[in-house]
Structure formats: structure tokens, C-alpha cells
Amino acid sequence: MLRHLSRETRFLAKDRGAVFWLLLAFVLSVVAVSFGIAEVREQRETIATLIEEDAADRSNALEGQEDWGSAAYYAFHLTYAPPSDFAFAAMGQRDSSSWKHRVRMLALEGQIHEADTRNADFGLVGRFDFAFLAASVAPLLLILLLYDLRASERTMRRHDLLVATAGSSRSLWLPRALVRVTALALLLLMPLWVGSTIEGTAASLTLQASGIVIGSLLIWWLIVELVSRIDASPSILLTSLIGLWLAIAILVPAVSKAVIEAANPVPDGGEILLLQRETVNDAWDLPKEATMDPFVERHPEYADHSEIGEEGFEWKWYYAFQQVGDQVVEPLATQYREARLARDKQAGVAAWASPTSLVERAFEKLAGTDARSMIAYEDRVRDYHRELRAFYYPLMFPEEPFDEELLSGLPAFTPTS
Amino acid sequence: MTSPLEARSLSLVREGNTVLDGVSFTVAKGEIFALLGGNGAGKSSTLLTFLGFLDPSGGEVLVNGKSVGSDVAGARNSIAYLPEAASLYGHLTAYENLDYFLDLAGKSASKDQINVALDRVALPQEARTRRLQSYSKGMRQKTAIALALLRETPILLLDEPTSGLDPVAIDEFHDLVKALAEGGQTVLMVTHDVYGACQVADRVGLLRHGKLVGSFAAEKGQRIDTETVHAAFAGRPHFQTDAA
């Protein structure tokens, strides 16, 4: 076998068409990895700058405050989901979901859903990252390298001479195709390996990603092999394979996405934001009990401290109606979260009909940029906000005397990854 | 003694059409046997059954006494095949083509050995490092013949080997084939060139509509009579034949 592979490697090196497609694969891989690393570095720098500015800003905001309500009102708290050391390969949902929020002690759901994604266009068209290259472009390159292995030899009336000389088809076509698939895999993966080294990605993760790329190429090789066995001209084979690629890489994911989205309606983030703001704004004009009763229902431990005078302003009433704002939109926010998870789960099942979707999803999972990771970040923000409330409420509701020293005990946000 | 090539009542039906119908012949070691016939007579199909590309619908073909169907790879290893208008790789030089195809056949040859073979087929020295896409048809054919020489197989199958060659190149080719046969190689060639077949072959078989309808053998030291074969080929009555 080694002799066959060595022969076909020499042969490949002289095939200008094949060399062009292989070099293109390498260049695209370098570009995808470089863009990915640049993007991840920019996000890390943004987070580093925000961490620094957030601490200074909070320190300024807390300085000179004289009550718990003002301190809680003016202080912002940075939350963020740092990109993983493999995110450079698959930006995934980081382009369509927020990975940083500066939250206050106010109603939270509106703060989560008011944030725009950094570049909404990416959310629509996707980004040219390594996952896209491996999932969608690499199969096209593989088709271009393999589609006419047999057909072009038939067209050139060389097929019988080749097979008669080789003795068996196996010792000819298998090594010829294997060399091309191996070359494509190596040229795609080498930039990924360099990128992983630069980013300090765990070897096991890089190995898994490499396995996914190789597995995807093997599946496409099988598809090309089956189609190219048809005794047809190279142009008919190419047209058929491109059609198949369009169906598998574009049509199947698009149709399944449309079906899944129709089956799992997700409320608009804007709806959540609007409802919460209306609830909070309305609270100003409602009797105080309309706010305090549902608040106490959720926090019976503050029942003895829920008396609010009808005249004037009290911070605990203000924060209670912020919390009630969250309580009112809770069903909508839960529906939003659950529907996204359901969509993701069903998309995972549908992905088995499209190797392209399967590869993209696998990469996003490895990179921690899939829908579940982004939802986990939102959950982490909610947890952190609960910690803030848990810090302030026992001081604010029993009306403990303000002590600036205690603010040093404010919970700090720690990202999950 | 086992014949290197033998067809026993060979029949072939493709897509409902009878391509070969009970064809039988043997080719002895060192013999040149030419199968002559018009377009669609079944000549190339006969060669392809010996190479295992077509399975007989009836009868069998044997290479060195073994049925091709039972050992295709063994049969192919014994045969150097020169297809009509042999298309070697245009983007490779003669050296690179020969190196590739020899390796494919599981053989290797030094540059000197390759040069000897190319000298034998009279391929100009300056052409050997040029890509074949710049070659004339005759030069490409010579390179393909050099491949057959280098493979040193006991059997040579030639499909319209002189098609498109100029008269000088045809004569050179015939001399080469005769030399190979004298060296012990068995040659089965198919052609519609009556003159060429009579020039080079020890025996000529006439195929018509898939049937072997006549066979002509050369007298010792003589060539086969072209006129007789031409008359038979043209379908004129009362021609004399030997037993196939």
C-alpha cells in the first residue's frame, strides 16, 4: 500500500488542478484560523478593558453613597462569558447572543434582553470561521478533487489501460483518492493545529476536532465514491454532486430550521423588555400593596418589613417593584429559554440528516459557543443577580444602617469558563 | 502445451445485442494473431474479455490456461495492453508516464532501462523530457509501446495499434512487434487494417457480426496473401480459409 500511496502522491504533485484546490484549502484554513484568533483576542481585550473599567466605575459610583438603595442603584456589575481556548475555531452563537452585560440591581430580564449583539449581520449570514470551512467548504473542495477520478479517465479513454496495468481497480482508485483526501485533511488541519498551539487549546480537544474533520471528509468521500461509480460524464457527476451538496449543506438545514422554529415559537426578546418596563413604570402609579404583596409572596422573610408609607419614596419599594417586574415576565422569559433549548435539541436530531450541520454543531459544542453554552451564560447572569439581591435585601429591607465597609463584601462575578 | 491465449466458444451479449457468438481460437507462444473485422465486429470486446473488463455470456477465455474469470489480476499481470489511441498523461513527460505506469504495474525500471525501451521505439531523445501533450499521435503511441516493452509481460494485446500512424511509423511498429514475437511474446492484435494484419501476423482471424468466419495462416517464410484476406473481409464469395 505504501508504494501505491507514494506513487499517487508523486502523481498528485504534478496535477495542477488538484494542487490548486489543495492550496486553496490551505489558504482558506489559514484565513479562517487567523480571523478566529483575531476575533477571540479582540473579545478577550474587550473583556479585560471592561473588567478594569468596571471596577473603577463601581468604586466611583459607590464612593460617597449614604444608603443601600443609592449604592445598589448607581453601581454596575460586569458579567461576561470569556471565549474558550477553542472558540477561535467556531464562533458559533457568540455572534448572535450577547456574551457580556453590565447589570444593575434593577429588573434583570430587561437588562438581558435589551443588549444588542455586537454585529447582527453575522447572526444572519454566519462567520467565515474554521467550523464553517470544515463543515461547508471542505466538502465542496473534496468533491472537486474526487468527482472525476474515474470519469475523466473514461473520457480520456485511459481507464482500461490504467486498470489493466494496475491489475485491480482497488490498487488504483483507493490510493489515488486516499492521497487526495489525506492531503486535503492535512492542509485543512495544519493551520488549526498551529492555531490550537497558539491559543493553548487542550490536546484532547484538538484531537476531537481533527477527528470530526476527518470523519466529515470520510462521509463526503463515501458520498462522492457512490455517485462517481455511475457511468456518466464528469460534468454530469459534478452537477449531481454539487446538487447533493446544496441539498445536504443548505436545503436540509434551512428546511429543518424553518420547521423547528415554527414548531417552537420563541417570544421576542423585545416583548420581554417591553412588558417588564411597562410593569415597572406602572408600579409608580399603583397602590404600594400592588407591588409589595407579590414581592412578599416571593420573599416572605421580609413580610415584617414590607410596610411602605403611601406618600414619598422608599428604596425597598423601588427594588420590590423591580423584582415584581422580573416576576411578571418570568413566564415569558422561561418560555424564551425553554423554547430555545427545545429548538436546539430538535436541531441536534435534525443535524443527523446533514453532515454539515453535524460538524458545525460538534465544533460549537467543543468551543463552548453553542446555544446551550450561551443560555448557560444567561443563567449565570441570573444567578449572579440573585446573589446581588441576596446581598442587598437583608440590609435594605430591615433598614440596616448604611456601612460602606460592608460593600467590600459585594458578590463578584465569576464566569463559568 | 497450454496456449497463452485461448477463447473457447466465447459469447457475449450486451444490452440485448449479441456482440460475440461462439468465438474460439488459440494463440500460441511467440505467435502474432490478428483479429480482423469491421466496425462493431466484436474485436475490441474480445480483447476486453481477456482483460476481465467484460464477462462472457457463454464459453470462456483463458490466459496461460487459467480462466480469466477465476483470476483476473493474474491474467492482467501477464498482459501488456495497448489500447487504441493510447492516452497516457498529457501533463507528464515520457519518463514520468513510464515511471508512473510501471509502478502501477508493480515494476520498476532505471532511467537507462527506460532509455533503452524508448530507443527501441525510436522516440527522439529531446522529446523524452517534454510533456506528452506536445507529442504527435505517433510519438504517444511509441511511448505506450515502450511501456509494453518495459513491462516484459509474456502477452501483448494490441487494439488498432497503427491507427493514425504514418506509413514509416507503421513499418517500424510492425518490425518491433515481430521482434517481440521472435523473443517469445504472444501477440493478439485487433485491427481493421487488412494490409497491416497480413504484413505482421502469423495468422489472421476474420470476425464478422461477432462470429469468427475465417482464418488465414502464413506459409512458412511467407506473408499472408493480402488479396485473399481482403476478398474475405469485403465479403466476396469463394475465398479459401484455413481452419480457425
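Leaving aside neighbours within four places in sequence, A:His299 is in contact (heavy atoms within 4.5 Å) with A:Gln323 and A:Tyr393. The model is predicted: local features need pLDDT of at least 70, side-chain atom pairs count only at pLDDT 80 or more, and totals for chains, interfaces and linings use all residues. Residues are numbered from 1 along each chain as its sequence is written, chains are lettered from A and ligands numbered from 1 in the order in which they are written, and side-chain values use heavy atoms, with hydrogens and water left out.

A:His299 sits in the loop between helix H13 (288-298) and helix H14 (315-350) of chain A. Helices here are DSSP runs (H or I, at least four residues), numbered from the N terminus. The relative accessible area of A:His299 is 17%, so this residue is buried. Buried means under 20% relative accessible area, exposed over 50%, and partly exposed in between (1.4 Å probe, protein chains only). A:Ala55, in helix H2 (residues 16-62) of chain A, is partly exposed because its relative accessible area is 40%. A:Ala55 and A:His77 are 22 residues apart in sequence; their C-alpha atoms are 8.3 Å apart in space.

The largest nonpolar core has 116 residues. Such a core is a set of buried Ala, Val, Leu, Ile, Met, Phe, Trp, Tyr and Cys residues joined through side-chain atoms within 4.5 Å. Those with the most contacts inside it include A:Phe130, A:Leu184, A:Leu217 and B:Phe101. Beyond four places in sequence, A:Leu184 is in contact with residues including A:Leu22, A:Ala138, A:Leu142 and A:Leu217. A second, separate core has 43 residues, among them A:Leu62, A:Ile112, A:Phe295 and A:Tyr319.

Helix H6 (residues 130-146) and helix H10 (residues 203-228), both of chain A, have axes that come within 10 Å and cross at roughly 35°. Axes are lines fitted to C-alpha atoms, for helices over the stretch in contact, and angles run from 0 to 180 degrees between N-to-C directions. From H6(A), the contact includes A:Phe130, A:Ala138 and A:Leu142; from H10(A), it includes A:Ser216, A:Leu217 and A:Trp220.

Chain B contributes 24 residues to the contact with chain A, and chain A contributes 23. The two chains bury about 2200 Å² between them, 57% of it on carbon and sulfur atoms. Buried area is the accessible area (1.4 Å probe) that two parts lose on being put together, summed over both. In chain B, B:Tyr89, B:Tyr100 and B:Leu104 lose the most area to chain A, together 26% of what that side buries.

Key. Helix = DSSP H or I, 4+ residues; strand = E, 2+ residues; numbered from the N terminus.
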